[in-house]
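Open the model in your viewer and keep the selection tool at hand. This tour moves from stop to stop.

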Amino acid sequence: MRSPYSLPACIALSLAAALAACGPSSGGPGSGDDVVTAELRIDPGAVTLTVDNNTPATQRYVVTAVGADGSERDVTALATLTVGTPGLATFDHDLLTTAPDRGGHAQITATWNALVGTASLTVLLRHTIIEPGAPGDAPGDAPGTFGGAASGGAAPELVYPDTGVIAPPNLNTMEFHFRPASGQNLFELTFTGSTIQLAVYLTCTPLGAGCVWSPSQATWDILASAGRGDEPVAYTLRGLDSTSSAPVAGASAAHTIQFSFDDVTGGIYYWNAGAGQIMRYDFGLRGGSAETFLTVAQTGATTCVGCHALSRDGSRIAVGMDIPGPASVSTLEVGTRAKLWTTAASEFPGFPSADGANFFTFSPDDQLLASSSGTNLVVRNANDGTGSTTVVQNATMPDWSPAGDRIVFARAGMAVPVANPGVGKGSIVSVSTATWGDEATLVASNGENNYYPAYAPDGEWVAFNRSANSDSFDQPDARVWVVNANGGAPIQLAAASPTGGDSWPKWSPLPHSYVRGPVYWLTFSSRRAYGLRPGGTSQLWMVGFDPARAAAGLDPSFAAFWLPFQDPGSGNHIAQWVEHVDRPPCDQGECAVGEICDPDGYCIPVIN
């Protein structure tokens with residue numbers, strides 16, 4: 001990374017700053033006290049080290065103070081050297097030693113007498129992993145078998161993930177699905193990027209009509225740390241019959257996988273429709289499965305806790321209780337699950353609540369809650385539920401903008417006089433929250449149905465569903481689209497949502513970055529097949545979104561991937577994101593069943 005002073009391997013200070021830091025009291029780089037130190041240089045300024053199969057590489061550095069007159073002084077013994085990428089390498093004075101199992105890029109920083117110098121480091125990791133079941137001892141060793149095999153055999157097929165996927169480095173793991181060619185029983189999966197050459201040897205773990213490889217978290221971390229914020233990593237699968245006296249290997253077409261620079265943070269709360277409860281996953285904890293957050297018994301509902309929305313900071317949740325909609329609404333503090341207020345239940349069991357709602361959104365400051373029963377948009381005080389006011393007619397599925405100045409919603413082609421959980425021939429409209437006027441139609445329906453709008457974290461884009469059918473729930477042709485928040489031509493997320501059956505798009509509230517610039521994370525529920533696992537049950541999928549590509553009118557999406565913390569047998573919907581997962585401190589009492597008190601004093605789920 002280039003310094004703000006535009007020097008590739010050092011940072012020059014102004015003459016006045018240098019004089020203050022390194023003037024006569026400190027001595028100059030030369031022999032006289034009148035010499036002014038202008039910059040700090042690190043040698044080597046750029047270096048690539050290679051780590052071969054758990055053997056760390058080393059490099060000694062020299063730090064030189066350079067005077068304004070060009071004179072130099074070796075200050076290595078006085079300077080402090082650090083590595084910018086945690087876990088990649090460490091310093092012992094001037095000696096850098098790489099980790100035995102990490103590749104990647106880093107900035108080396110030297111500091112001395114208020115001067116700062118930088119250099120670049122690249123670590124190329126060459127690593128081999130032989131999974132259990134794959135032969136690893138000569139003469140039948142897997143690497144040797146492939147090394148001696150002829151080429152030109154039948155090609156295995158990579159099935160999942162789709163090529164072109166991008167993932168956060170701190171994802172737990174990701175399954176790789178493939179179909180072997182006839183007779184193949186031994187496989188070599190190779191990953192090649194600018195900082196990694198990883199070879200994995202494995203046998204077939206059966207899955208459906210093919211095989212699955214589930215990398216351990218340690219293996220995933222090797223791959224993800226090397227690919228963090230870098231160009232895509234290419235991977236190819238070769239397969240052969242290890243029992244043959246003259247094995248012939250066949251190779252698949254190459255796929256790519258890419259990683260964002262940043263870890264994804266915050267959490268997701270989603271509806272497990274089969275159990276009728278809200279589940280939660282905390283990306284900050286990493287590992288394990290989603291935890292049960294809110295059940296029927298905890299809310300006072302009788303059959304179901306379903307539709308929900310959370311405040312952006314994760315401190316509050318609004319939930320709809322029981323069906324049919326509109327359900328009565330209950331708002332709770334997330335950390336304690338203490339109820340703040342609840343709307344009146346229906347006077348007639350089995351019928352909608354007169355003051356209920358199906359869809360909710362909090363204002364960015366958590367002070368207001370907007371909701372809709374499918375007819376009109378209502379706003380009330382989020383602290384106690386008072387002041388319920390109808391502000392927009394024929395408005396449903398609202399989402400508040402990150403800036404708080406507008407709400408986007410779906411408007412039915414024909415207003416309905418009674419509560420309705422769906423919308424027909426919907427258009428996407430936004431309205432000013434200052435006046436509850438200044439409406440702007442972002443996407444006008446031409447007979448198709450546009451619904452479930454949601455603002456991107458920058459407020460510049462709105463994701464939504466589009467279907468040719470009038471009913472809005474889980475339509476087989478529903479796809480995810482996006483439109484600029486000021487209007488314009490909608491863009492289908494063709495890479496992420498190519499075939500239909502995708503619904504309820506929701507954004508992570510925090511922007512992230514990758515090698516090309518900003519990237520946003522978007523989730524949706526989908527009935528698609530998960531690689532070799534059959535589809536049909538709604539599951540949560542996640543995809544990267546490049547706002548620069550959207551601004552250019554191009555498909556801004558990458559290939560989507562299945563979120564690995566969920567139960568593949570449950571129907572999962574409405575993945576609402578928060579910036580922070582709010583948890584109770586342990587000093588408020590014992591943690592709940594399935595939780596432990598962490599070192600910071602908060603109740604967290606037990607991770608197996």
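**Stop one: a hairpin**

Select Asn-449 and look across to Ser-467 in β38, which stands opposite. Asn-449 belongs to strand β37, residues 449-455. Strand β38 covers residues 461-467, runs antiparallel to β37 and is joined to it by five bridges. (Strands pair if DSSP finds at least two bridges between them. Strands are DSSP runs of E, at least two residues; helices are runs of H or I, at least four residues; both are numbered from the N terminus.)

Now select the turn. Five residues lie between β37 and β38 in this hairpin, and Gly-459 there has a positive phi of about 75°. Is β37 enclosed or open? Seven of its seven residues are buried, so β37 is largely enclosed by the rest of the structure. (Buried means under 20% relative accessible area, exposed over 50%, partly exposed in between, with a 1.4 Å probe and protein chains only.)

**Before moving on**

The model is predicted: local features need pLDDT of at least 70, side-chain atom pairs count only at pLDDT 80 or more, and totals for chains, interfaces and linings use all residues. Residues are numbered from 1 along each chain as its sequence is written, and side-chain values use heavy atoms, with hydrogens and water left out.

Zoom out. The chain has five helices and 48 strands. Of its 608 residues, 54% count as buried.

**Stop two: an open sheet**

Select β12, β14, β18 and β17. In that order they make an open sheet of four strands with antiparallel pairing. β12 (157-160) and β17 (206-207) stand at the edges, each with a single partner strand, so one side of each has no neighbour in the sheet. Follow β12 to β14, residues 176-179: three bridges pair them in the antiparallel sense. Tyr-160 stands opposite His-177 in β14.

**Stop three: helix α3**

Select residues 217-227. This is helix α3, mostly covered, with eight of its 11 residues buried. Among the buried ones are Trp-220, Ile-222 and Leu-223. Just after α3, find Gly-229, which takes a positive phi of about 65°.

**Stop four: the largest pocket**

Which residues lie nearest the centre of the largest pocket? Select Thr-85, His-105, Ala-106, Arg-228 and Phe-261, which are part of a lining of 31 residues. The elements that give two or more residues to this lining are β9 (104-112), β10 (115-130), α3 and β42 (512-514). The space in the pocket is about 760 Å³. (On a 1 Å grid over the protein atoms alone, a pocket is an open set of points where a 1.4 Å probe fits, with protein on both sides within 12 Å along at least five of seven lines; lining residues have an atom within 4 Å of a point. The volume is the space filled by probe spheres set on the points, which are joined across faces, edges and corners.)

**Stop five: the largest nonpolar core**

Select Ile-108, Leu-121 and Phe-561. Of the 94 residues in the largest nonpolar core, these touch the most other members. β10 gives the largest share, six residues. (A nonpolar core is a set of buried Ala, Val, Leu, Ile, Met, Phe, Trp, Tyr and Cys residues joined through side-chain atoms within 4.5 Å.)

**Last stop: Leu-310**

Select Leu-310, found in strand β25, residues 305-310. Leu-310 is buried, with a relative accessible area of 9%. The C-alpha atoms of Leu-310 and Trp-577 are separated by 7.5 Å, though the two are 267 residues apart along the chain.
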